[in-house]
Amino acid sequence: MRLLDLIEKKKNGQELTQEEIKFIIEGYTNGVIPDYQMSAFLMAVFFQSMSITEISYLTDAMIQSGEVYDLSAINGFKVDKHSSGGVGDKVSLIYAPLVASFGLKVAKMSGRGLGQTGGTIDKLESFPGFKVEIPFAEFVRIVNKTNISIIAQSSNIVPADKKIYALRDVTATVNSIPLIAASIMCKKIATGSDGIVLDVKCGNGAFMKSISEAKQLAEIMVGIGKHFDKKIAAEITNMNQPLGRAIGNAIEIYEVVKTLQGEGPDDLNYIVCESAALSLCQAKLFPDFDSAFKACQDKLHNSPEPLTYFKNFIQEQGGDLSLISDLSSLDQILKVKNKVEIKAKETGFVEIIDTNALGLLSVRLGAGRNTKEEAIDHHAGIYLNKKTGEFVNEGEVVMTLYTNRYITEPVYEWAESTFKITDKKPKDYELVYEVIQ
């Protein structure tokens, strides 16, 4: 078998066999196949795509390239949730303690932020001392004790994905739907949960810009999940404006805790309860989605349990809870050198028009990174005092920027370019477009 022949076969739109795909993934992971040939193969996939059968074979080959977690020592129904990435997306940090309070076990690996999208691991590291890398046995112990553990991806899990993604990043093949689907699902399958919920975000602040693109990706990933006999659901959600009001790391932890106290913004509450209800139905704890959704809302607003589970999990992984000891104001948590208020220049209704730019602005303030090696400032971020559809008077604060960096005039212009003020109230935006199960 020669890779050159397989590149030619895929270039002509033919379907590869399981043996052929396994040959490619094993060869590249082991260093037998060089980057230049793998680049040609990835580009052939980019233009010719793959069938669902091929993508399942690709996912399986990537899973088999490394360690597969055996979660049988964790008692109960294990769940995992994945987001395709968005601005202000702190759903996993509220979802986890919420479903844990119903008895489900969250054994989750998460990533760091890159570009305009934030990362769950970066947000958790806002707690001084929080350990994101722990031995597998400790991971299992913590899940059994607190019902939750969230850690960084182990280098032993799907090493093929890490190597292929690095090559995709420099060959303009990142936004290939078959490659995205396989990359996401190989990690979800390898980490061994019983039920999986996928949040595929689409819109201005997401990698998937259109509903049709997001639906195609969601359907493929659900198909892969079924191939591996997993209970799986994918929700297609709106990312044309940030989720909640906080964008950053410690600033999003503030909003997480407020939400767990029943004081969160409506859009964030809704998406959290939607995701949690899907997991509760997969575990057959409720007869239908509506009753599960209502139970999630009730618990989030009326019970101290979700916040207790959150705090126990943070402490068990070494996190210092003093970060959230005083929630009276953001200033108490962030304590940055520069706090900048962006004010409305006229009276009317706010409409956020560039969520992607807001995410990149938070990176500029220090809350994100442009490269994987770049350090981040956990206390930098943006708070949206006003969101789309809310009324603002001239001179009133629309958003507040928090940073330890020097602020220049272009930052003001950047912030002001992300929204506009209109005479007419914008239409209400749909939060969830579709759920695929």
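Visitor: Which domains does the domain assignment give for the protein chain?

Guide: Quick note before we start: this is a predicted model, where local features need pLDDT of at least 70, side-chain atom pairs count only at pLDDT 80 or more, and totals for chains, interfaces and linings use all residues. Residues are numbered from 1 along each chain as its sequence is written, and side-chain values use heavy atoms, leaving out hydrogens and water. Domain bounds come from an automatic or database domain assignment. Here that gives domain 1 (3-48), domain 2 (78-324) and domain 3 (333-422).

Visitor: Which element has the lowest mean pLDDT?

Guide: pLDDT is the predictor's confidence in each residue, from 0 to 100, and the chain's mean is 93. Elements are DSSP runs numbered from the N terminus: helices (H or I, at least four residues) and strands (E, at least two). Strand β10 (residues 391-392) has the highest mean, 98, while the lowest, 87, belongs to helix α15 (residues 330-334).

Visitor: Which residues of α5 meet α11?

Guide: Contact here means heavy atoms within 4.5 Å. On the α11 side, look for I253, V256, T259 and L260; their partners in α5 are L93, I94 and P97.

Visitor: Is Y36 buried or exposed?

Guide: You'll find Y36 in helix α3 (residues 35-48). Buried means under 20% relative accessible area, exposed over 50%, and partly exposed in between (1.4 Å probe, protein chains only). Y36 has 64% relative accessibility, so the label is exposed.

Visitor: How far apart are the C-alpha atoms of Y36 and S110?

Guide: Along the chain, Y36 and S110 are 74 residues apart.
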